[in-house]
Amino acid sequence: MEYLIKRMSKLLKKNIIYFSRFYNDPGGNGGDRRTAQICQMLSPLVFTFISMHDNSYALPSCSNVLMSNGTSLLQKVIRSAFKQHVTYYKYNKWSDRYRDNVLYFHSQSRSFIKVIEKLKPSILLVDDPIFLAPVVYYAKSRNIPLVAFCHNLESLSREQVEYKYQKYMFNYELNLLSMCRLVVTISREETFLLKNFGLDPVFYPYYPVSDTVRRFQKVREKRQKAKKSNFLLFGSVGNLPTLDGMKRLLWASTQNNNMGLHNDQLIVTGYGTNMLLNYVTDSRVQIRGQLSDNELDEILAETKGCIIYQENGSGALTKIPELLIAGIPVIINSHAARSHYNLPGVFEFPTFEGLHEQLKAAARDDPMPNALPKPDTVYLHKRMAEIISSI
């Protein structure tokens with residue numbers, strides 16, 4: 001299969017473009033890490049990767065002002081002027097928190113169309129189409145095959161769209177996905193959902209790139225000799241469901257020892273977690289903030305387990321496979337466990353009443369099972385090769 005892809009890629013030369021709103025960065029946020037995995041999967045192909053944050057493609061710097069949260073009259077005027085860039089004027093259907101980000105994505109997408117016109121790609125690869133809608137419509141109008149890598153079904157993320165418009169935005173997102181020759185999902189549940197709406201997606205779960213796998217395998221080796229203590233609460237507060245879940249969990253830790261920490265501490269780390277200091281009243285909770293990889297790996301090598309809690313959110317959490325590769329028990333509520341339930345090393349609790357027992361189960365001296373296997377890419381490569389060979 002890789003031979004077929006390489007052969008087709010040579011015929012197409014460099015006419016495959018992957019336009020992304022993320023970086024190809026295995027050390028970045030969840031979106032960056034997933035993008036790095038996709039780029040590694042695509043490595044048999046000859047393709048051009050372009051991040052909308054890549055200044056080398058001269059995407060307009062003026063639209064960067066849309067990412068700011070300033071309230072000056074000038075910024076308000078600029079944002080108002082750029083509203084036309086939101087496809088079909090859906091600006092007010094997004095939540096206050098996200099609508100200017102979408103404005104920025106659509107503005108950059110319209111600028112990227114000029115790059116498409118110059119490079120004349122045979123195939124376009126994109127992230128979530130709802131954020132890059134101008135590119136999707138342009139490619140459809142020019143009969144350029146599209147492949148969409150869905151990090152989430154964005155309209156299912158209730159914090160991103162106005163609640164009263166959520167069904168409308170879901171239909172809008174389905175329509176954009178239906179314009180793609182191939183849709184690749186990170187979530188098993190979203191794969192089922194799209195199939196029931198008549199699409200034929202490929203489920204390709206997250207698995208870190210080779211260097212990151214080696215990093216977590218070293219953590220697993222250290223854990224075999226380390227004495228275990230304390231639990232870890234790990235995540236980025238830039239993700240609203242993660243932030244809300246962390247707040248809820250910290251609140252639970254103050255309620256009659258519902259968490260069952262006993263003599264252990266709860267170490268909280270991740271991007272922006274210093275802001276959680278105001279929510280801590282329990283002396284057993286340590287807020288460490290964002291740590292370097294080396295500092296984090298030292299904690300991972302000795303922790304009894306990592307607690308993850310979310311009450312809403314779409315897609316699938318990239319940190320779960322990484323923790324399992326590292327041999328770390330994952331104590332997780334049912335919603336956050338989506339796509340990863342029933343796996344060895346995952347200790348699921350439906351409500352806080354079950355958290356205590358799962359903490360005890362995770363902390364037992366039983367060795368963790370073998371690391372999570374790498375997902376098979378044969379079927380995905382086959383679907384990609386079919387698209388390439390049809391051109």
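How many aromatic pairs does a search of the whole structure find? The search finds 10.

## The model

This is a predicted model, in which local features need pLDDT of at least 70, side-chain atom pairs count only at pLDDT 80 or more, and totals for chains, interfaces and linings use all residues. Residues are numbered from 1 along each chain as its sequence is written, and side-chain values use heavy atoms, leaving out hydrogens and water.

The protein has 391 residues, and 55% of them are buried. Buried means under 20% relative accessible area, exposed means over 50%, and partly exposed lies in between (1.4 Å probe, protein chains only). The secondary structure comes to 13 helices and 12 strands. Both are DSSP runs numbered from the N terminus: helices are H or I with at least four residues, strands are E with at least two. Take the contacts between residues at least 6 apart in sequence: 66% of them join residues at least 24 apart. Contact means heavy atoms within 4.5 Å.

## Aromatic rings

Rings of Phe, Tyr and Trp (its six-membered ring) pair if their centres lie within 6.5 Å; planes under 30 degrees apart count as stacked, over 60 as edge-to-face, and the rest as tilted. Tyr18 and Phe49 form an edge-to-face pair. Their centres are 5.2 Å apart, with 80° between the planes. Tyr18 lies in strand β1 (residues 16-20) and Phe49 in strand β2 (residues 48-51), so the pair ties together parts that are 31 residues apart in sequence.

Tyr18 is buried, at 0% relative accessibility. Phe49 is partly exposed, with a relative accessible area of 22%. Elsewhere, Trp94, Tyr104, Phe105 and Phe131 form one aromatic cluster.

## Helices α4 and α5

Two packed helices are described by the angle between their axes and the distance between the axes. The axes of α4 (residues 99-119) and α5 (residues 133-141) come within 7 Å and cross at roughly 35°. Here axes are lines fitted to C-alpha atoms, for helices over the stretch in contact, and angles run from 0 to 180 degrees between N-to-C directions. From α4, the contact uses His106, Ser109, Arg110, Phe112, Ile113, Ile116 and Glu117. From α5, it uses Ala133, Pro134, Val135 and Tyr138. By class, this contact of α4 with α5 has 7 nonpolar, 2 polar and 2 charged residues. Ala, Val, Leu, Ile, Met, Phe, Trp, Tyr, Cys and Pro count as nonpolar, Asp, Glu, Lys and Arg as charged, and the others, Gly among them, as polar.

Arg110 of α4 is partly exposed, at 33% relative accessibility. The C-alpha atoms of Arg110 and Val135 are 6.8 Å apart, though 25 residues separate them along the chain. The buried residues of α5 are Ala133, Pro134, Val135, Val136, Tyr138 and Ala139. They pack against β1, α4, β3 (123-126), β4 (146-150) and α6. Just after α5 comes Asn143, with a positive phi of about 60°.

## Helix α7

Which residues of helix α7 (residues 188-196) are buried? They are Glu190, Thr191 and Leu194. They cover an arc of only 105° around the axis, which puts them on the same side of α7. The arc is that of the directions from the helix axis to the C-beta atoms.

These buried residues pack against α6 (166-178), β5 (182-185) and β6 (202-203). Gly198 follows α7 and has a positive phi, near 95°.

## Helices α8 and α10

Helix α8 (residues 210-223) packs against α10 (residues 293-300) at about 35°, with the axes 9 Å apart. Arg215, Phe216, Val219, Lys222 and Arg223 of α8 make the contact with Asp293, Leu296, Asp297, Glu298 and Leu300 of α10. These residues divide into 4 nonpolar, no polar and 6 charged.

## Two buried residues

Gly289 is in strand β9 (residues 285-289). It is buried, at 1% relative accessibility. Beyond residues up to four places away in sequence, Gly289 touches Val268, Thr269, Gly270, Thr273 and Asn274.

His340 sits in the loop between β11 (330-333) and β12 (346-349). Is His340 buried or exposed? It is buried, with a relative accessible area of 7%. Not counting residues up to four places away in sequence, His340 touches Ala316, Leu317, Ile320, Pro321 and Val346.
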